[in-house]
Amino acid sequence: MSGGAPAEPRLRADAKRNADQIRHAAIDAFRGRGLTVPLEEVAKAAGVSKATIFNRFGGRIGLIDTVIEEVVAVELHGIIDRTRAIGDPWERFAHYVTAIRDLQYRQPAANDAMLQVYPDAQSLLEICRVAGEINEELIEVSRAAGALRAEFSADDLHALLHDNALALKHGTRPRREDYDRRTTFLLDGIRGREGSRRA
């Protein structure tokens, strides 16, 4: 009798290697082109079949839930942490809006998360929940300090970022310098009296 025992460990090792390859390929693809990249392309980059993605992750939603932390969530939480460390209400708000718009420009997956292109992906809903909470927090504090126009609301901020996501996903991509200039215009338009004094 010979050769029967090693088969199971070898299968487990192959399965782990395939899963790791798929995960790394998905991170690269989603970062570069967003969450709607065809799974066939992810599979090809990973050196596996599309069926293997379904076997290992249950399909696109399971794959998104597995990698979205590395693709978007870590950066979002970093932005929030850095924002909360800023003392001045206007500087805090301006930093947040600028950083989120920068993330939207660099990371197509951030726009897909904001647009909830896959509403069944719980990880995307969680990202939207976290973003909604910090939006409301910043608006409340900034308006109370007079750093924002009194009529500007969390819904307004959500709409501005949501519309930006739509424009970046479906429109003509602007040059970076034009994009950054428009961020300045946006901030100038919603700055309150106290925010203007500090500028």
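I began with a side-chain pair in this predicted model: T183 and R101 are joined by a polar contact of 2.6 Å between their side chains. I placed T183 in helix α9. Beyond residues up to four places away in sequence, T183 touches T98 and R101.

Next I turned to helix α8, residues 154-170. I checked its length: at 1.5 Å a residue, its 17 residues should span 24 Å, and the end C-alpha atoms are 24 Å apart, so the two values agree. I listed the buried residues of α8 as A154, L157, L161, N164, A165 and L168. These residues lie on the same side of α8, because they cover an arc of only 100 degrees around the axis. On the other side of α8, I noted D155 and H170 as exposed.

What covers the buried residues of α8? I found that the cover includes α5 (89-106), α6 (108-114), α7 (122-144) and α9 (176-190). I also inspected the start of α8, where a side-chain oxygen of S153 comes to within 3.3 Å of the backbone nitrogen of D155.

Finally I examined helix α4, residues 60-84. Where is the kink in α4 centred? I located the kink, of about 60 degrees, at I68.

Key:
Residues are numbered from 1 along each chain as its sequence is written. This is a predicted model: local features need pLDDT of at least 70, side-chain atom pairs count only at pLDDT 80 or more; totals for chains, interfaces and linings use all residues. Side-chain values use heavy atoms; hydrogens and water are left out. Helices (H or I, at least four residues) and strands (E, at least two) are DSSP runs, numbered from the N terminus. The expected span of a helix is 1.5 Å times one less than its number of residues. The bend at a residue is the angle between axes fitted to the seven residues ending there and the seven starting there. Buried means under 20% relative accessible area, exposed over 50%, partly exposed in between (1.4 Å probe, protein chains only). The arc is that of the directions from the helix axis to the C-beta atoms. Contact means heavy atoms within 4.5 Å. A polar contact is a pair of N or O atoms within 3.5 Å; within protein, one must be able to donate a hydrogen and the other to accept it, and residues adjacent in sequence count only if both atoms are side-chain atoms.
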